[in-house]
Every structure is written in C-alpha cells, then in structure tokens.
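Let's take a walk through a protein fold, one piece at a time. Have the picture open while you read.

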Amino acid sequence: MKHSISGRAMGMGGALVAALLLAGCNDNSYLPRDSRHWVALSPEIQSKMSEMGLSKASPILIRAYKKESELEVWKADNAGEYKLLKTFPICRWSGQLGPKKVEGDRQVPEGFYSITPQMMNPNSSFYLSFNVGYPNTFDRQLGRNGSNIMVHGACTSRGCFSMTDKQIADIYALARESFAGGQKAIQMHSFPFRFTPENLAKYRADDNLPFWKNLKEGADRFEVSKREVQVAACNGKYRFGSGAQDPNALCTNPAADDPISLAAREKAKKDEIRVAELSKAGHKALKRIYQDGDQHHSFKHTLHASVGTEDVSRAATVPQGISRVADVSQPDALDIGPVDVPAEKARGLNRQQLLALAHRERFAADPAASPASATAVAAISGAPNARTTPAQTVARPSGTPPAVQATALVAEEKKGEKPAFYERWLGSLSGLTASATGATESNPGTPAADLPTPPQRR
C-alpha cells in the first residue's frame, strides 16, 4: 500500500511539473498565478540564513517604517531570539504619517498586527499578498474601519505596503516556510518612522505623538529583548508584557518589573532626555506632509519632462520585477516629495491647505523649480480633476536642462538577472505537503478569533 501511495504522489508531482513546463512563463518570465506561492526562497536569502545559522522553518517577525520606506524581516534563532535577516526597500506606500481610521482614506495602518496562514493570498491580482490584520482589536475599540490592507507586489498602493514582485516572492516564501515549520501567527509592527530621538524631537508637536509614544513602548521592548512582544488592547491603548504573562491580563495587571520591562523603561528614559536636549538645542517642531505617500529612495526613477506623455506610468517600459504600475499608485504624487513644514504653520489646516502649504515651503528656497502652470499648482494642492503632465510639472527657463520627475517605476534588476523561478519552484516541491502554504479565498480555513475575515482577491 505504501508503494502505491508513494507512486501516485510522485506521479501527481511529475504531472504538475510537466504542466508547468508546458504552460511556460508568463510575459515577464514569472510563474503563472497558480504556482507563484510555491516558489522557493531566493539563493540570496538562503545564503544569508546559512551564514546566520538560521532555519527556514523558524518563526519570522515583520517591522515596517513609513517615513524610511523600509520593511524588515526578522527570523528567530534556536534560542528564540530574533535576528534581522533582510531589510526590503518599500516600493510604494500611500497616505500620510499617522494611523488608518476609515475605509478609503488611503492610510497605511500603524500598530501591532497578527498574520495567520488564513490571511495568505496565493491568487492575488498583485502577484502575491497577505493581509496584515487591520483592523485589530485596538483599531475597533477606537471605531476605526477598513479592509483588505495587504503587503503585496506590483509597486502600487492605496493603503498597503507595496513591494516589487521579486520582493514579495521572497517575503511570501519566508512566511510560508515559517508557517510550515509550526508558527501560528506572524507579528507585524507597523510604525510611522524609526523611533529615534531625532525623529521624536522633529515631530514632537504632531497630533499623533501620544499614539506614537504608545507604539514606542512596544517597539522599545522588542529592541531590548529581540523577542516577540506580548500585546493587549485596553480601552484604546496598547499594553505590553513579556514572558508567560497572559496578554489579556495586561489591561488589569500592567507588566511587572521583569528584566525586559526595566530595560525598556531605561531605554525610554534615555531617549526622552535626548529628545529634550535636541528640542532645547533649537531643533524645530515640524509636520511632515506628503501628497500621497512615498517610496524608498532607491526606487526613485526619473523621466525627462520632454517625454510629452500625460500618463507617467507608461512613459517608460515597466521594469523587470514589477508586473504593472496601476493608476492607484498616483506616480505624480511623488513629484513634490515629503515636505517638513513648521508645526505652528500646519496647526488647524485641512488636507488641501496642508498640501498647499507643503508646496509653498518646498519651493520657497528654489523658485525655479516651482510649477508655473495653474494645473500643476492645483494638482499639488489636491484640487479635484486636476492632472499634470511631465512638461507641466516643472517649468524652467529656456536653455536649462529638462526637469526630472519621480515616478512609481523602479529599475531594480538588469536584464538576465531575474530570479530563476522555475528552479526555485522545483526546489520547493518537498514542501508541497505543508498544511499552511496554500489558503485561498475559496478555502480559507477557520479564521482565528478576533481577526478580520480572510482577504478578498487583490
């Protein structure tokens, strides 16, 4: 009987491989949608894990920073301590610094989230994706809503952390292998920025500062322990613990004076002293404004204004590693870049007024770079139905070099350097029996308690 079952399994595996080989790659040499989630970890990631003595089956933890546009993947060693495996530059995120509050606000959430196997989406229209778990208990306590907030590919965002297809293939595979190894949930920390004294001093007058300080309590605990943080939502405030303490008990019994709590408090005290020193030394309190989010500086791709096309996303060939750049990325929103304005000037302004202020502040020191046309100014100010062309975006005197414009495009790979997806997929056939690797919308499994419904196709 064993031989019969084994023979049938091998036959099925062979048939599947043959079908894939006959189907061939899609237009950008990636595996078809129904096979992408089986792609093995890239040689780069496997080599890094080997150097660090880490197992592909060990748990992972994700940390993301909007201002720096970076997503970190940490992996646990044999002792349960997390090591930084890789920092991925984020190709696109949308909105402003600050939490997500309502459906459609384009905000990327901030907080502590939990990703389970049921939230993995191998059939995503954005190459591969997984739901971050927004809204969590904390968000719901504050009446926040929204849905389908993902980490996905395609470099396009309307409230998600968007990576390139090559990046999400590795991140997805890391999560898949950890789930197969027994991890029940991946903790994700989503922050506005790295909680350095410099950032805290700079944005000390922001309305979100009390919330950010609450997030920093959990961030500090991870920094001093390098272990997963125990989190509870208590009447619209995060509470944190460690060890075997029941997270649900944190609301009535805050963390005791255990070594991690003491170390975290000491770190917080030193940071507060440094923030006070920076503030006293004349560091101005600022408000950071984006037209609509940002991307990592390594993805800044420039196009000459003389291209003469209205759709920047099609003004150049879509680079390898990205399946497409959709309209929701709003490439022209990257033109002005992030702008830090004096906090006192920004107080009480609505979104359109903030964007107009950012425009004035951004070009005050460089009048030649200021958009000359009313259409461009209206677009930066957030006026409805306004659209700019590359030629409209920047006006310069005749005889000067043409201006450049940032877009959501990225040329991160040279021709011939695509990951060997067939080779990587074939190397992952041994994991076909893992139970946590292929949840789909049609068969999502049983959602864990207090988690959002499985992701819709995206």
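Start with a pair in the sheet: arginine 63 stands opposite histidine 189 in S9. The model is a predicted one, where local features need pLDDT of at least 70, side-chain atom pairs count only at pLDDT 80 or more, and totals for chains, interfaces and linings use all residues. Residues are numbered from 1 along each chain as its sequence is written, and side-chain values use heavy atoms, with hydrogens and water left out.

**The sheet**

A quick word on names: helices (H or I, at least four residues) and strands (E, at least two) are DSSP runs, numbered from the N terminus. Strand S1 (residues 60-65) runs parallel to S9, and five bridges join them; two strands pair if DSSP finds at least two bridges between them. Both belong to an open sheet of five strands in the order S3-S2-S1-S9-S4, with mixed pairing. S3 and S4 are at the edges with a single partner strand each, so one side of each has no neighbour in the sheet. From one strand to the next, the twist averages 20°.

**Helices across it**

Which strands does H4 lie across? They are S1, S2, S3, S4 and S9, and H4 runs at about 155° to S3. Helix H2 (residues 43-52) lies across S2 and S3, also at about 155° to S3. Here axes are lines fitted to C-alpha atoms, for helices over the stretch in contact, and angles run from 0 to 180 degrees between N-to-C directions. Contact means heavy atoms within 4.5 Å.

Helix H4 (residues 165-180) has 16 residues and spans 22 Å from first C-alpha to last, close to the expected 22 Å. That expected span is 1.5 Å times one less than the number of residues. H4 is mostly covered, with 14 of its 16 residues buried. Buried means under 20% relative accessible area, exposed over 50%, and partly exposed in between (1.4 Å probe, protein chains only). After H4 comes glycine 182, which has a positive phi near 115°.

**Salt bridges**

Side chains of opposite charge can pair when their charged atoms come close. A salt bridge here is a side-chain nitrogen of Lys or Arg within 4 Å of a carboxyl oxygen of Asp or Glu. The structure holds 23 of them, including these:

| Glutamate 72 | Arginine 194 | 2.9 Å |

Is aspartate 206 buried or exposed? At 8% relative accessibility, aspartate 206 counts as buried. Aspartate 292 is buried too, at 3%.

**A tucked-in glutamine**

Glutamine 107 sits in the loop between strand S3 (82-89) and strand S4 (111-115). Glutamine 107 counts as buried because its relative accessibility is 10%. What does its side chain reach at 2.9 Å? The side chain of glutamine 107 reaches the backbone oxygen of glycine 98. Leaving aside neighbours within four places in sequence, glutamine 107 is in contact with residues including Lys66, Ser94, Leu97, Pro99 and Gly159.

How values were computed: A polar contact is a pair of N or O atoms within 3.5 Å; within protein, one must be able to donate a hydrogen and the other to accept it, and residues adjacent in sequence count only if both atoms are side-chain atoms.
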